[in-house]
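Me: I'm new to this one. Can you walk me through it?
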Amino acid sequence: MDSDDRLAGAADAARALGWSGEGGDVDDLAEGLADRLREQLKDLDERYVAALDALVDLHEVRAERAAREEQRRAETLTRIHDALARLRLIESPEKLLERSTPEACAACGFDRAVLYRLSGSKLVAESFFVEGDPEWAAELLAASRADPLPLDQGLNETEALRRKRPVMIHDAQNHPGVYHSLGRVYKVFSYVGAPIIPEGRVIGFLHADHYLKGRNVDEFDRDALFAFAEGFGFAFERAVLLSRLQAQAAEVNRLLASTEAVVRNYVDAEVELVRATDAQLAAGRTTAAVLLGPRDAPVDELLTRREREVLRLMAAGATNSAIAEQLVVSEGTVKSHVKRILRRLGARNRVEATSIYLRSVGERP
């Protein structure tokens, strides 16, 4: 029977007792029905009349609670949406981990939260938040890291990760599925937990409770944390991918800068009287030096301080005359330094010497 049918039935019952209302408004119908019942039962024991009034009051309380719960759900979902929007603006994975727990508490209404990362067969704490008590949060984080939560058979977290579903635990101090250290250190009595699963792969876990408020968690707390954990998982995955792209871009920029220096030196290199095959070999070795990975090149051990200065300027693309001007020496002296540098490094030309130098200082061409 749907709500309209029940409303019509209540109106018929009220009319049968002499009520003359229309029956369209629930409040009017309830008040009219209560009045008619009181009138009909006025000769009964007052206890029954009081019980009837209490029943009506309880109905009103239940309706008020339902309305408050509906409002709570709507406000919580709005806060979760806003929190995830803020987290998506954070590009650093480390900063995102740090902000995860305070945002979870602010969004879902908890006063404590801890985020774990999945490391093999253990959950290692990465962030802990306690509302208004950062010192206690730091102590709990240190204790959690010293004793990671094992994913042993029978523990609630193990089952939650296997099923990829959230959990809700009451009477945590006596629950057989709660890790003993978790209950002792956290002093938890009721909590919810949710796996972090971007694209179906579990990477972490969130715990939260109402410890400071002294109340148990409920089903909506569980579902709200699960919704937050899902959104956080995607935000964290985005931050990791963005960080990797930025690292790749920096590497490409370093490669381009190093290649530009090598090519500039190759163009500016002095012409040598060599066989064509030797020149081709030198060019091939230079290309290999640009494209291949680093190798051992103890430049500091092979060259004098002045020769290292000359080599550094060569790597920056300076010509012999520019080097001479900067070091306040003659151009002939610079040429002598360059010859000794090539000989000591075993380089065929300035380009190879530059490549060896760049690798020695950690700038991979």
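Me: What order do the six strands take in the open sheet?
Reply: This is a predicted model, where local features need pLDDT of at least 70, side-chain atom pairs count only at pLDDT 80 or more, and totals for chains, interfaces and linings use all residues. Residues are numbered from 1 along each chain as its sequence is written, and side-chain values use heavy atoms, with hydrogens and water left out. The order is β3-β2-β1-β6-β5-β4, with antiparallel pairing. Two strands pair if DSSP finds at least two bridges between them. Strands are DSSP runs of E, at least two residues; helices are runs of H or I, at least four; both are numbered from the N terminus.

Me: Which strands stand at the edges?
Reply: β3 (149-150) and β4 (167-170). Each has a single partner strand, so one side of each lacks a neighbour in the sheet.

Me: How many bridges join β1 to β2?
Reply: Eight, between residues 112-119 of β1 and residues 122-130 of β2. The two strands run antiparallel. A113 stands opposite F129 in β2.

Me: Which strands does helix α5 lie across?
Reply: Helix α5 (residues 134-146) lies across β1 and β2, at about 175° to β2. Angles run from 0 to 180 degrees between N-to-C directions, and axes are lines fitted to C-alpha atoms, for helices over the stretch in contact.

Me: And where does α6 lie?
Reply: Helix α6 (residues 156-163) lies across β1, β2, β3, β4, β5 (190-196) and β6 (204-209). It runs at about 125° to β6.

Me: New topic. At what angle do α12 and α13 pack?
Reply: About 110°, with axes 8 Å apart. α12 covers residues 320-327 and α13 covers residues 331-345. They are therefore roughly perpendicular, a label for angles of 65 to 115 degrees.

Me: Which residues make that contact?
Reply: N320, S321, I323 and A324 of α12, with E331, V334, K335 and V338 of α13. Contact means heavy atoms within 4.5 Å. Four of the residues are nonpolar, two polar and two charged. Ala, Val, Leu, Ile, Met, Phe, Trp, Tyr, Cys and Pro count as nonpolar, Asp, Glu, Lys and Arg as charged, and the others, Gly among them, as polar.

Me: What about α11 and α14?
Reply: α11 (residues 305-315) and α14 (residues 350-360) pack at about 100°, axes 9 Å apart. That makes them roughly perpendicular. L311, R312, M314 and A315 in α11 meet R350, A353, T354, Y357 and L358 in α14.

Me: Where does pLDDT stay under 50?
Reply: Over residues 288-295. pLDDT is the predictor's confidence in each residue, from 0 to 100. The protein's mean is 83, and 85% of its residues reach 70 or more.

Technical notes
Parallel < 35°, antiparallel > 145°, perpendicular 65-115°, else oblique.
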